[in-house]
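Let's look at how structural labels get their names. Have the sequence and the model open, and we'll go through them one question at a time.

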Amino acid sequence: MDKNPSYMESVVILAPRELVFGIIEDDDFQKEWMEGYKEIKVLLKTEDLIGTEFEEIININNKEHCFQGRLLKYEKNHILKFSLKEKEIDLKVEYEIERLERNKSVLIIKGWIETSLFTRFFLKYILKERLEKQLSKIKELSENEFKKYKGEILKK
(Lines give C-alpha, C1' and ligand atoms only; values in the text may rest on other atoms or scores of the structure.)
Protein backbone atom coordinates (compact mmCIF):
# COMPACT_ATOMS: atom_id res chain seq x y z
CA MET A 1 0.00 0.00 0.00
CA ASP A 2 1.31 3.46 -0.92
CA LYS A 3 2.06 6.01 1.74
CA ASN A 4 0.14 9.28 1.71
CA PRO A 5 0.46 11.08 -1.61
CA SER A 6 2.76 14.09 -1.96
CA TYR A 7 -0.04 15.76 -3.90
CA MET A 8 -3.79 15.22 -4.05
CA GLU A 9 -6.47 17.38 -5.61
CA SER A 10 -9.91 16.90 -7.09
CA VAL A 11 -12.36 18.66 -9.38
CA VAL A 12 -16.04 18.15 -10.16
CA ILE A 13 -16.69 17.70 -13.89
CA LEU A 14 -20.09 18.03 -15.56
CA ALA A 15 -19.66 14.95 -17.74
CA PRO A 16 -20.03 11.17 -17.31
CA ARG A 17 -17.00 9.39 -15.91
CA GLU A 18 -16.66 7.22 -19.04
CA LEU A 19 -16.11 10.35 -21.13
CA VAL A 20 -13.61 11.81 -18.62
CA PHE A 21 -11.67 8.53 -18.52
CA GLY A 22 -11.62 8.42 -22.32
CA ILE A 23 -10.05 11.88 -22.45
CA ILE A 24 -7.40 10.86 -19.91
CA GLU A 25 -6.34 7.70 -21.76
CA ASP A 26 -6.69 8.95 -25.36
CA ASP A 27 -3.31 9.85 -26.92
CA ASP A 28 -4.73 12.73 -29.00
CA PHE A 29 -6.42 14.31 -25.98
CA GLN A 30 -3.26 13.84 -23.84
CA LYS A 31 -1.50 16.26 -26.16
CA GLU A 32 -4.12 18.85 -25.21
CA TRP A 33 -4.26 18.43 -21.43
CA MET A 34 -0.71 17.32 -20.56
CA GLU A 35 1.70 20.24 -20.77
CA GLY A 36 4.85 19.35 -22.71
CA TYR A 37 3.54 15.93 -23.81
CA LYS A 38 5.35 14.71 -26.94
CA GLU A 39 4.62 11.01 -27.34
CA ILE A 40 4.21 7.65 -25.71
CA LYS A 41 5.69 4.37 -26.94
CA VAL A 42 4.37 1.08 -25.60
CA LEU A 43 7.34 -1.25 -25.01
CA LEU A 44 5.52 -4.25 -23.53
CA LYS A 45 1.74 -4.63 -23.39
CA THR A 46 0.16 -7.11 -20.98
CA GLU A 47 -3.21 -8.77 -21.50
CA ASP A 48 -4.92 -7.00 -18.58
CA LEU A 49 -2.76 -3.87 -19.12
CA ILE A 50 -1.39 -3.94 -15.54
CA GLY A 51 2.37 -4.15 -15.82
CA THR A 52 2.38 -2.65 -19.32
CA GLU A 53 5.69 -0.84 -19.86
CA PHE A 54 6.06 2.34 -21.86
CA GLU A 55 8.28 5.32 -22.60
CA GLU A 56 6.79 8.78 -22.34
CA ILE A 57 8.53 11.83 -23.73
CA ILE A 58 7.65 15.09 -22.00
CA ASN A 59 9.17 18.53 -22.44
CA ILE A 60 9.74 20.18 -19.03
CA ASN A 61 11.26 23.67 -18.88
CA ASN A 62 12.41 23.42 -22.52
CA LYS A 63 14.21 20.13 -21.89
CA GLU A 64 13.02 16.80 -23.29
CA HIS A 65 12.68 14.03 -20.68
CA CYS A 66 12.22 10.37 -21.54
CA PHE A 67 10.41 8.63 -18.67
CA GLN A 68 10.24 4.88 -18.25
CA GLY A 69 6.71 4.00 -17.19
CA ARG A 70 4.76 1.05 -15.90
CA LEU A 71 1.00 0.74 -15.51
CA LEU A 72 0.32 -0.18 -11.87
CA LYS A 73 -3.47 -0.18 -11.73
CA TYR A 74 -6.13 -0.07 -14.42
CA GLU A 75 -9.88 -0.22 -13.98
CA LYS A 76 -11.65 0.91 -17.16
CA ASN A 77 -13.59 4.16 -16.63
CA HIS A 78 -12.42 4.37 -13.02
CA ILE A 79 -8.66 4.26 -12.18
CA LEU A 80 -5.41 4.71 -14.07
CA LYS A 81 -2.21 4.55 -11.97
CA PHE A 82 1.35 4.39 -13.25
CA SER A 83 4.96 5.00 -12.31
CA LEU A 84 7.36 7.27 -14.18
CA LYS A 85 11.14 7.15 -13.75
CA GLU A 86 13.99 9.12 -15.25
CA LYS A 87 17.44 9.47 -13.64
CA GLU A 88 16.77 10.98 -10.19
CA ILE A 89 13.02 11.41 -10.82
CA ASP A 90 10.73 8.66 -9.53
CA LEU A 91 6.99 9.38 -9.49
CA LYS A 92 3.66 7.61 -9.25
CA VAL A 93 0.51 9.27 -10.54
CA GLU A 94 -3.10 8.13 -10.20
CA TYR A 95 -6.23 9.41 -11.92
CA GLU A 96 -9.42 8.23 -10.24
CA ILE A 97 -12.87 9.13 -11.50
CA GLU A 98 -15.98 8.64 -9.38
CA ARG A 99 -19.55 9.04 -10.60
CA LEU A 100 -21.45 11.63 -8.56
CA GLU A 101 -24.61 11.68 -10.65
CA ARG A 102 -25.59 10.46 -14.11
CA ASN A 103 -23.62 13.16 -15.96
CA LYS A 104 -21.46 14.47 -13.14
CA SER A 105 -18.12 13.07 -11.99
CA VAL A 106 -15.27 13.90 -9.67
CA LEU A 107 -11.69 13.48 -10.87
CA ILE A 108 -9.11 12.89 -8.13
CA ILE A 109 -5.43 13.20 -9.01
CA LYS A 110 -2.78 11.84 -6.63
CA GLY A 111 0.97 12.06 -7.00
CA TRP A 112 3.72 10.32 -5.05
CA ILE A 113 7.36 11.38 -5.17
CA GLU A 114 9.70 8.46 -4.44
CA THR A 115 13.07 10.24 -4.47
CA SER A 116 15.60 11.77 -2.08
CA LEU A 117 14.47 14.54 0.27
CA PHE A 118 16.20 17.32 -1.71
CA THR A 119 14.78 16.16 -5.05
CA ARG A 120 11.38 15.58 -3.43
CA PHE A 121 11.19 19.20 -2.26
CA PHE A 122 11.98 20.49 -5.76
CA LEU A 123 9.68 18.02 -7.54
CA LYS A 124 6.75 18.64 -5.20
CA TYR A 125 6.45 22.21 -6.47
CA ILE A 126 6.70 21.16 -10.15
CA LEU A 127 4.31 18.21 -9.70
CA LYS A 128 1.71 20.37 -7.94
CA GLU A 129 1.81 23.03 -10.65
CA ARG A 130 1.60 20.52 -13.52
CA LEU A 131 -1.19 18.43 -11.97
CA GLU A 132 -3.29 21.51 -11.16
CA LYS A 133 -3.07 22.57 -14.82
CA GLN A 134 -4.01 19.04 -15.89
CA LEU A 135 -7.08 19.03 -13.64
CA SER A 136 -8.39 22.24 -15.08
CA LYS A 137 -7.65 21.27 -18.70
CA ILE A 138 -9.24 17.79 -18.32
CA LYS A 139 -12.34 19.43 -16.82
CA GLU A 140 -12.56 21.92 -19.70
CA LEU A 141 -12.04 19.28 -22.42
CA SER A 142 -14.50 16.83 -20.80
CA GLU A 143 -17.24 19.39 -20.38
CA ASN A 144 -16.77 20.71 -23.94
CA GLU A 145 -16.84 17.18 -25.39
CA PHE A 146 -19.94 16.36 -23.35
CA LYS A 147 -21.72 19.47 -24.64
CA LYS A 148 -20.88 18.44 -28.22
CA TYR A 149 -22.01 14.85 -27.56
CA LYS A 150 -25.30 15.97 -25.99
CA GLY A 151 -25.89 18.23 -28.99
CA GLU A 152 -25.43 15.28 -31.36
CA ILE A 153 -27.97 13.21 -29.41
CA LEU A 154 -30.51 16.04 -29.45
CA LYS A 155 -30.19 16.36 -33.26
CA LYS A 156 -31.14 12.70 -33.81
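Predicted model: local features only at pLDDT ≥ 70, side-chain atom pairs only at ≥ 80, totals over all residues.

Q: Why does Y74 count as buried?
A: Buried means under 20% relative accessible area, exposed means over 50%, and partly exposed is in between (1.4 Å probe, protein chains only). Y74 has 16% relative accessibility, so the label is buried. Residues are numbered from 1 along each chain as its sequence is written, and side-chain values use heavy atoms, with hydrogens and water left out.

Q: What makes F21 buried or exposed?
A: The relative accessible area of F21 is 1%, which is under 20%, so F21 is buried.

Q: And why is K31 called partly exposed?
A: K31 has a relative accessible area of 44%. You'll find K31 in helix α2.

Q: How many aromatic pairs does the structure hold?
A: There are four. Rings of Phe, Tyr and Trp (its six-membered ring) pair if their centres lie within 6.5 Å; planes under 30 degrees apart are stacked, over 60 edge-to-face, and the rest tilted. One of the pairs is F21 with Y74, at 5.8 Å centre to centre and 65 degrees between the planes. The distance is within 6.5 Å and the angle is over 60 degrees, so this pair is edge-to-face.

Q: Which parts of the chain does the pair of F21 and Y74 link?
A: F21 is in helix α1 (residues 17–25) and Y74 in strand β4 (residues 63–75), 53 residues apart. Helices (H or I, at least four residues) and strands (E, at least two) are DSSP runs, numbered from the N terminus.

Q: What makes us say that the charge of K81 sits over the ring of W112?
A: The rule asks for NZ of Lys or CZ of Arg within 6 Å of the ring centre and within 35 degrees of the ring normal. The charged end of K81 is 4.3 Å from the centre of the W112 ring and sits over that ring.

Q: How do you know that β3 and β4 pair?
A: Two strands pair if DSSP finds at least two bridges between them. Strand β3 (residues 53–60) and β4 have eight bridges and run antiparallel, so they pair. Across these strands, E55 stands opposite Q68. Seven bridges also join β4 to strand β5 (residues 79–86), again antiparallel, and in β5 the partner of Q68 is K85.

Q: Why is N77 buried?
A: N77 has 19% relative accessibility, which is under 20%, so N77 counts as buried. N77 lies in the loop between β4 and β5. Contact means heavy atoms within 4.5 Å, and beyond neighbours within four places in sequence, N77 is in contact with R17, E18, F21 and I97.
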